[in-house]
Amino acid sequence: MTQLIIKFRNVNFDPAQGDYLQKLSRDIKATLIYLHPMSGGAHVFSLGNVSATTQLATIIQQLSKRPEILYVEQDKIMKHQ
Amino acid sequence: MNRKLIPGRKILGIALFFCAVMLQFSIARADGPLITTQQQIPSFFDYTDQLIVKYRNPALVRTAVSGNERPDALINERVNMLSAAAGVQLTHFRFMSGDGHVLKLPQKMTLAEATAVARKLAADPSVEYAEPDARKFPLLTPNDPQYANQWHYKTWGAPDNEPGGVNLPGAWGITTGSSSIVVAVVDTGIVAHADLTRTLTGYCFITDPQVANNSSCPGADPSDPGDWCTAAEQNNVNSPCYNSGCAPHCTTQINSSWHGTHVSGTIGANTNTSTPLGVAGINWVSNMLPVRVLGKGGGYDSDIIDGMRWAAGITVSGVTNPNPAKVLNLSLGGPGACDTTWQSAIDDITAVGATVVVAAGNSNANAAGFTPASCNGVINVAATNRTGGRAYYSNYGSIIKIAAPGGDTTTPTIPTNGVLSTLNKGTTTPLPSNTTNDIYVYYEGTSMATPHVVGIASLLLSVNPLLLPAQILALIQQTARVFPGSGCTPSTPCGAGIIDANAAVTLVNNSVALSADLSLALTSAASASPLVVGSPFTYQVTVTNNDTTNSTLATVVTFIQSGTATIGLASGTPSTGTCTGTSFVTCNLGTLNNGASATITFTGTPTTTGTIIHTASVSSAMTDPNLLNNSWVFNTTAVNPVPVISSLSPSSAIAGNAAFTLTANGSNFVDNSQVQWNGAPRTTTFVSFTQLRATIPAADIATVSTAGITVTNPTPGGGISNTATFTISTPPPPPPPPPVDGGGGGGGGGGCFIATAAFGSPLEKHVQILRDFRDRILLNSAAGKAFVNFYYEASPPIARTIAQNEGLRLMTRASLMPVVGVAYLTLLWGGAATLFFLITMVLIFVAIIRTIRRKLTRKLTLMKPKTSIEI
């Protein structure tokens, strides 16, 4: 499952409230599901099975341009070495 | 004792490094470690407070050696004379075998200093020889039965002669760990094992149930349920086990790795106990904190980072860690350079004084392309093999800090050339801990190299718990050993060398025994208070070694923001050494000689409002007798500035145009600045401190007027900018028809009214062809000009009628198509087609007029009342 880490400029902003996620999903033409907050003031979202290719890069680029978002990064998988 | 101070004489400064030769001895104990000291260790920063002197005069020698025998007046007189010659107050301590005398120095001195004093004594004719009474430490060999198979811990020289070993026995002679130090293993969790009992209550931060493979995550259960992947799971694209390397034809199960258990054993397996068992660990005393973040298929960045912060003592999601770790082991990684989420977490963890040690990665590639190895502030570890060269799989690169044994079981295939540590016999779920299921296995990987560095770092902290991460790095790099094997080349560098536990621990042990008073003071502050968001602030501090004798080792200055504002774009510029970091800045000044100073200029920019509590602190590996003068705090707030607009783009628009994006250029913009249109807010995008973009709706420019554009910044601070004027103008009149009285071709400038009405736009391609035909063909002949004049007079009302009726437009387009074709061909070929075109146009024009008249006539006829027929 592809996940995103998003940090908002307003650290008090709750993306799970209201219809923000619906609007955001419409704008990027993909379904964003809120998973949980994480340390450092960011939030974790699921993008379902959007593959880590051009579509994901486009979504990240679109989200990064939004004025309320400080940064967006893929929540990557790490493996033991 | 008759101590006489030597007025006006000072001890000279000395060099730092001095080689000492260890004496050989061995003591075997029935139930303790086998102590074998057979090692020539270069002693860095070694110290002593005693000298050994032998006098030429037999009268100064006692036949009976007794540590309690008081020296007579003759001996005391001789000692005082030597003190005067050396410029140091010496004291007779005791007699020793071999007719020697042990004299006390007034304080601990480095061996180099003590040697300098000894040379002065040796110059006295009454002295046969004088030398420092150097200290020696035992080499400890643990009694664990499998220690013999752990080549990676052994001495690289005698007695073990393991070229790839990290030289632990000598380090163990100084310290085997401290119960006050906690080491976190951020990994797959841990399984019960009889050789792993010093584990604290950890936590599991895995939030994906498939990855967690149990129902207790997230929660206070770091036990490892197994991370095996069946063939079906590997073929399933929706499984975290999905294996693109063999899917959809994977057939072999990947057994559980028990990775966290293996790593934990290297760091802290039970060692040298009264019931010897299994393998040895590096730290025999400190406790380990298991933090589970990896499961089936690995683990998400978000879970790992939450686990890391928690391990360092930072509360996460309301969960507090009662046992903050001073060292974190991250034997994990993945492709991609370090991103903001990772770097900010490492900055937070380093700022609270915890050291993050990470694996370089196993891709035999440049570590700069992997996370977290490429993050600033970590100690990334490359792997070496048994010969002390780079392991075939290990990542490398200029960013690598240090190397340690990761083992190599495949080139050649010798399993015992791996790293031996604790494991569970289960292939899927863990089997109960007992003598059958608690096993020991050789693994290879940078995962195995990393806990060597973690374990040794924990030994350093056991000697000096005040060491900062930058100091730990400096000390292990300074004492690292040159690679005896191959593979670490200028094009594939592996860090400062192979970590040398004995050299590093000895150095820290010697350093902390010496003192040096460091102080830090503000030199200058160029910034006003309060600070303004978006505007950099600068201050300079001076660090001084106030000691008259000792130089400082691993001198580090840190700049930490603990207020609520965010500081970014930070940097430090030192007069000596280097600074790193763009948020949390660390400066390594190296060695500061006694009496010397260094300056550092810090520059940072508040990017959000809030409080600023910016602390600059200095410390070294030495003991500082006065910690009150080691810090300076810049205490202020950051507020929003008043914005300034310098220009608008565009600065005007035509009334009736569509919505558009307005760019405001200026200064002092912040991320929640807002553009206002005649005082009303508009949706604003923060581009930078000097540019904003706003969406202006069509309604704002519907009518001719001017608008006042301002930008507002919110509190604290903030305010309204100057007003910039935006002009909404009248639409320009349509251009007049082109002159046709002999002015020639080349573009009359006017429109093709009928064609435009039919095709919908003057820019439509068919209209463009007709216009080109007019300009290049018709206007070049008298007949053509005459036709154009007639056309401009007669066609506008016809064009208006056509434009209002879709049917007429369609018919006109159809009618014009052959004309367009002829015109096109004429433009291509020229000539007689012109005439044909004129005749054709006239006929069509007449036909259109007739059609319109017929339609109008029929309409009028239908409207007339019917004539009644009288019967």
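Colleague: How many Å should the 14 residues of helix α1 (residues 73-86) of chain B span, and how far apart are the end C-alpha atoms?

Modeller: The expected span of a helix is 1.5 Å times one less than its number of residues. For α1(B), that gives 20 Å, and its end C-alpha atoms are 20 Å apart, so the two agree. Bear in mind that this is a predicted model, where local features need pLDDT of at least 70, side-chain atom pairs count only at pLDDT 80 or more, and totals for chains, interfaces and linings use all residues. Residues are numbered from 1 along each chain as its sequence is written, while chains are lettered from A and ligands numbered from 1 in the order in which they are written. Helices (H or I, at least four residues) and strands (E, at least two) are DSSP runs, numbered from the N terminus.

Colleague: Which residues of α1(B) are buried?

Modeller: A residue is buried if 20 or more other C-beta atoms, placed from the backbone, lie within 10 Å of its own, exposed if 12 or fewer, and partly exposed in between. In α1(B), the buried ones are R78(B), V79(B), L82(B), S83(B) and A86(B).

Colleague: Why do the buried residues of α1(B) line one face of the helix?

Modeller: An α-helix has 3.6 residues a turn, so residues three or four places apart point the same way. Seen down the axis of α1(B), the buried residues fall within an arc of 140 degrees, so they line one face; the arc is that of the directions from the helix axis to the C-beta atoms. Their cover includes β5 (47-55), β6 (91-96), β7 (100-110) and α2 (111-122) of chain B. On the face turned away from the buried side you will find the exposed residues A73(B), L74(B) and E77(B). E77(B) counts as exposed because it has 12 C-beta neighbours inside 10 Å. Just after the helix, G87(B) takes a positive phi of about 75 degrees.

Colleague: Where does A367(B) lie, for comparison?

Modeller: A367(B) is in the loop between β16 and β17 (370-371) of chain B. It counts as buried because it has 29 C-beta neighbours inside 10 Å. Two residues are in contact if their C-beta atoms, placed from the backbone, lie within 7 Å. Leaving out residues up to four places away in sequence, A367(B) touches a group that includes A360(B), G361(B), N380(B) and Y396(B). N380(B) is 13 residues from A367(B) along the chain, and their C-alpha atoms are separated by 8.9 Å.

Colleague: What is the strand order in the open sheet of chain B?

Modeller: Two strands pair if DSSP finds at least two bridges between them. The seven strands run in the order β11-β12-β10-β14-β16-β18-β19, with parallel pairing. At the edges are β11 (203-204) and β19 (402-405), each pairing on one side only. Inside this order, β16 (residues 355-359) and β18 (residues 379-384) of chain B are joined in the parallel sense over three bridges, with V357(B) opposite I379(B).

Colleague: How many residues does each chain bring to the contact between chain A and chain B?

Modeller: The size of an interface is often given as the accessible area lost when the parts come together. Here we count residues: 39 from chain B and 20 from chain A. On the chain B side, α7(B) gives the most, with six residues. Strand β5 (residues 77-80) of chain A is joined to β13(B) by two antiparallel bridges, and I77(A) has Y300(B) as its bridge partner. Two bridges also join β5(A) to β15(B), again antiparallel, where H80(A) is partnered by L332(B).

Colleague: How many helices and strands does chain B have?

Modeller: Chain B has 16 helices and 41 strands, and 47% of its 871 residues count as buried.
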